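Subject: Structure handover

Hello,

Here is the structure I promised to pass on. Please open it first, then read the notes below.

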Amino acid sequence: MGMVTISLAPLDRPTGDLLLLGCFAGEEPPMALLPDGVRAVVQELVRGGGWHGREGQHCEATMEREELPRVALEGLGKRDELDLGRLQSWLAKAVAQAARDEAQRVVLALPEHELTRGAAATGRIIRWLALAQYRFDRFRERDEDQREVREVELLLPDRGAEVAREMAAAQEVAAGIAFARDLANTPPNVATPEWMSDQAELLAAELGAECEVLATEDLERERMGGVLAVGAGSENPPRMVRLSWRGGDGPHVTLVGKGVTFDTGGISIKPSKDMDEMKYDKCGACTVLGLLRAAAKLRLPLRLEVFLPLVENMPDGRSYRPGDIVRCRNGKTVEVLNTDAEGRMILADAMAWAAESAPDYLLELSTLTGACVVALGQNGAGLYTPSDALAGDLADAAERAGERLWRMPLWPEFKESMKGTHADLRNVAGRWGGANAAAAFLSHFVGDVARWAHLDIAGPAYVGSDGEGSKGATGYGVALGVDWLRRLAPAF
Ligand code: BES
Ligand code: MN
Ligand code: ZN
């Protein structure tokens with residue numbers, strides 16, 4: 001499955017198989033940038049009657065033009081009802097319709113609207129178009145005569161340097177998202193911890209990054225007790241990956257991603273319903289790799305480090321158990337009360353290790369708690385950070401990227417609640433505020449790093465059987481992460 005390539009259409013002679021015009025209900029189609037002859041055809045099509053611009057309405061005509069033989073109007077619905085989700089699914093449907101009509105090159109014009117104009121909006125549209133045909137089909141029979149759109153040329157009024165930059169950046173972000181989705185969608189019988197570390201090594205080689213992989217003996221030497229405990233119950237041994245890449249002298253940013261390749265819950269086993277979805281418990285790690293990839297391809301002038309704790313959480317004779325006391329990388333001991341709270345056990349080691357090199361920023365992403373999904377639903381992540389400035393920057397980045405995020409509390413009561421009976425800490429507390437408790441647990445492992453943030457992405461990381469739209473990993477976090485990094489290191 002190929003990505004759609006996006007470019008600017010030349011205004012004097014837009015060329016393609018199909019001209020696609022997005023139209024609001026009760027308004028003229030966006031014709032300002034069309035050559036005169038084309039405008040006449042569109043006006044005739046509208047005057048012909050029956051055209052309303054209702055959401056989902058479609059109408060088509062042929063034109064006597066070799067370089068642009070067809071035009072299609074696609075209804076966007078009412079102007080004041082357009083929102084991010086509608087625009088994204090409209091773009092996907094419009095591309096799918098064009099593909100069915102055997103168009104490979106599409107020229108696209110959208111009407112003036114706050115969601116279609118300006119750098120951030122343009123970036124989102126390019127990203128959504130680039131990914132409109134994303135499918136994970138590595139494990140399917142090849143479909144020989146599959147129809148696909150290859151290129152979309154945008155008719156944009158604004159053609160300055162900023163748009164050119166957005167065009168390049170958004171397509172690298174899209175490639176990073178596709179990369180993250182491919183990894184995350186890979187089934188758990190293939191995507192073991194070792195497979196994940198192999199993928200990280202391959203990526204590092206491609207990007208010219210340094211890559212260190214710790215296997216069992218290294219983990220023992222480095223005192224990664226959390227990773228070893230959770231990994232103990234699986235035939236697929238655990239790994240810890242550390243990647244370093246340098247694009248310039250900007251800030252030192254460390255990214256940590258939860259990489260549980262499959263989460264059965266371990267001895268505290270999960271119910272079987274939808275357990276298959278726990279292959280997505282590695283989404284944090286996959287997103288962080290997609291983020292590194294995009295940032296490196298854009299040559300952002302900063303220093304990036306990535307830490308990936310990789311385990312499979314299985315029930316077995318060798319599994320860690322409720323009651324066990326485990327010593328983590330920073331020396332703190334944890335009383336295991338529930339083996340299904342495994343994410344925080346492995347993140348404890350990874351974050352403590354990451355904190356040792358005193359980064360300017362530490363951003364951690366994990367499908368950490370079902371409680372966060374209960375609180376926020378599936379459209380946005382929970383943001384935890386002690387820094388108001390960092391919270392603001394991440395919220396702004398998310399807003400521009402079109403990924404939802406909501407700040408959650410790091411109250412001292414939760415940090416206190418994670419103290420153990422016979423160890424320094426325990427891995428679960430009471431029934432309430434489970435996402436906050438998990439975040440508070442992590443706060444015991446950030447050392448002296450002041451600007452750290454935890455994103456609980458359990459909701460938005462994937463669309464499960466009960467979700468809406470196309471199923472699978474979303475790559476959530478790559479777009480907002482790249483936007484945030486671009487502002488930290490302004491050069492792109
Ligand atoms: N991987 C899960 C969290 C999760 C749940 C992700 C649903 C995506 C969708 C995590 O390891 C987990 O099992 N968390 C427990 C914590 C509990 C034992 C304190 C949970 O959320 O139930
Ligand atoms: Mn779990
Ligand atoms: Zn988990």
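One definition first, for the residue classes used below: Ala, Val, Leu, Ile, Met, Phe, Trp, Tyr, Cys and Pro count as nonpolar, Asp, Glu, Lys and Arg as charged, and the others, Gly among them, as polar. Please also keep in mind that this is a predicted model.

**Cavities**

Searching the whole structure turns up three cavities of 30 Å³ or more. The largest cavity has a volume of about 70 Å³. Its lining is made of L108, A109, L110, T116, R117, T122, I125, L154, L155 and L156. Strand 5 (105–109) and helix 3 are the elements that give two or more residues to that lining. By class, the lining of the largest cavity splits into seven nonpolar residues, two polar and one charged.

The second largest cavity has a volume of about 50 Å³. Around it are L20, W90, L91, A94, V95, A98, V106, L108, L129 and V152. Two elements give two or more residues here: helix 2 and strand 5. Helix 2 gives the most, with five residues. The class count for the second largest cavity is ten nonpolar, no polar and no charged residues.

**The largest pocket**

Next, the open spaces. The largest pocket holds about 1,600 Å³ of space. Its lining has 45 residues, and Q88, R181, V463, E468 and T474 lie nearest its centre. Helix 2 (84–100), helix 3 (119–130), helix 4 (161–185), strand 19 (462–463) and strand 20 (472–473) are the elements that give two or more residues to this lining. Helix 2 has the largest share, seven residues. By class, the lining of the largest pocket has 17 nonpolar, 14 polar and 14 charged residues.

**The second largest pocket and ligand 1**

Which pocket does ligand 1 sit in? Ligand 1 sits in the second largest pocket. That pocket has a volume of about 820 Å³. It is lined by 35 residues, and those nearest its centre are K270, L368, T369, G370 and A371. Helix 9 (343–355), helix 10 (370–376) and helix 13 (434–442) each supply at least two lining residues. The largest share comes from helix 10, with four residues. By class, this lining has 14 nonpolar, nine polar and twelve charged residues.

Now the ligand itself. There are 16 residues around ligand 1, and K270, D281, D340, E342 and G370 come nearest. The shell divides into five nonpolar, four polar and seven charged residues.

- K270: a side-chain N or O atom is 2.8 Å from a ligand oxygen.
- D340: a polar side-chain atom lies 2.8 Å from a ligand oxygen.
- D263: a side-chain N or O atom is 2.9 Å from a ligand oxygen.

On its own, ligand 1 has 520 Å² of accessible area, and the protein covers 77% of it.

Best wishes

Terms used:
Residues numbered from 1 in each chain as written. Chains lettered and ligands numbered in written order. Predicted model: local features only at pLDDT ≥ 70, side-chain atom pairs only at ≥ 80, totals over all residues. Heavy atoms only, no water. Near = heavy atom within 4 Å. Polar contact = N/O pair within 3.5 Å; in protein donor to acceptor, adjacent residues only side chain to side chain. Areas by Shrake-Rupley, 256 points an atom, 1.4 Å probe, with all protein chains shown as cover. 1 Å grid on protein atoms, 1.4 Å probe; cavity = no way out; pocket = protein on both sides within 12 Å on 5 of 7 lines; lining within 4 Å. Sits in = over half its atoms within 2 Å of the grid points. Points joined across faces, edges and corners; volume = space filled by probe spheres on them.
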